[in-house]
Amino acid sequence: MLRVAIDGPGGTGKSTIAKAVAERLGLEYIDTGAMYRSIALKSIRLSVPVDDEPKVIEMLADTVIDFNDNKVYLDGEDVSGQIRTNEISMAASTISKLGPVRAKVDEVSKRLAATKDVVMEGRDIGTAVIPDAEVKIFMTAAPEIRAKRRYEQLVAAGKPANLEEIKEDIEKRDYQDSHREINPLKQADDAVYMDTSDMSIDENIDAVCAVIADKTGRDV
């Protein structure tokens with residue numbers, strides 16, 4: 001099997017790069033962050049506080065998350081375009097601290113990784129979800145670079161955006177993710193470190209494919 005784990009903080013381009021690499025190599029792309037975002041979206045819709053564990057557990061009992069055609073489905077609804085907001089990002093960071101939420105996402109992730117070749121990205125893929133992945137990459141970039149990228153994405157999508165607020169949110173989420181009690185964001189000991197600050201998307205894709213080729217001997 002070939003399982004590629006890409007971890008790193010938000011705004012590094014993990015989703016874009018992982019999806020492109022999966023398409024190039026004919027692998028299944030799994031965005032675990034989208035699962036947390038989907039759960040956060042549902043909690044907001046139902047007015048369930050993201051830090052109220054008993055109520056979140058109750059909500060999770062009838063929550064179904066799936067992937068199809070590079071889209072994430074929440075209870076049968078395609079929510080791919082609804083989960084990419086700063087509000088959802090911050091809510092996802094908070095709700096992901098809850099053990100039952102991480103257990104739910106890990107269960108889905110491990111099931112997918114056990115049945116097919118995947119490129120899976122998130123915060124703790126190489127350290128907790130599939131620690132025996134054949135390829136592990138820790139992808140990062142300077143906060144100001146990540147903020148600018150996110151700002152440009154939102155503007156291009158016609159959504160309101162404030163560059164300074166986005167940068168503050170990114171730094172806050174970095175702290176939350178790296179200091180949470182359960183499976184904090186960190187680089188796996190055997191992961192390849194990759195700083196994408198000065199890389200174009202194509203350069204980043206080529207760099208990830210080069211790591212895969214080096215680690216597996218595959219012609220990519």
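Residues are numbered from 1 along each chain as its sequence is written, and side-chain values use heavy atoms, with hydrogens and water left out. Because the model is predicted, local features need pLDDT of at least 70 and side-chain atom pairs count only at pLDDT 80 or more, whereas totals for chains, interfaces and linings use all residues.

Grid points are joined across faces, edges and corners, and a volume is the space filled by probe spheres set on the points. One cavity of 30 Å³ or more was found, and the largest cavity has a volume of about 70 Å³. Its lining (residues with an atom within 4 Å of a point) includes T32, G33, Y36, R102, D177 and R180. Helices α2 (32-45), α4 (86-95) and α8 (163-179) each supply at least two of the lining residues, helices being DSSP runs of H or I of at least four residues and strands runs of E of at least two, numbered from the N terminus. The largest share, three residues, comes from α2. By class, the lining has two nonpolar, five polar and five charged residues, where Ala, Val, Leu, Ile, Met, Phe, Trp, Tyr, Cys and Pro count as nonpolar, Asp, Glu, Lys and Arg as charged, and the others, Gly among them, as polar.

The largest pocket has a volume of about 1000 Å³ and is lined by 46 residues, of which G11, S15, R84, R150 and Q153 lie nearest its centre. Helix α7 gives the most to this lining, with six residues, and the lining as a whole comprises 15 nonpolar, 15 polar and 16 charged residues.

Three strands form an open antiparallel sheet in the order β3-β4-β5, with pairing taken to require at least two DSSP bridges between two strands. Strands β3 (65-68) and β5 (77-78) are the edges, each pairing on one side only. Two bridges join β4 to β5, and L74 stands opposite E77 in β5.

Residue D214 is found in helix α9 and is exposed (over 50% relative accessible area, 1.4 Å probe, protein chains only), with a value of 64%. The C-alpha atoms of D214 and V135 are separated by 9.5 Å, although these residues are 79 residues apart along the chain.

Conventions. 1 Å grid on protein atoms, 1.4 Å probe; cavity = no way out; pocket = protein on both sides within 12 Å on 5 of 7 lines; lining within 4 Å. Buried < 20%, exposed > 50% of the residue type's maximum accessible area, 1.4 Å probe, protein only.
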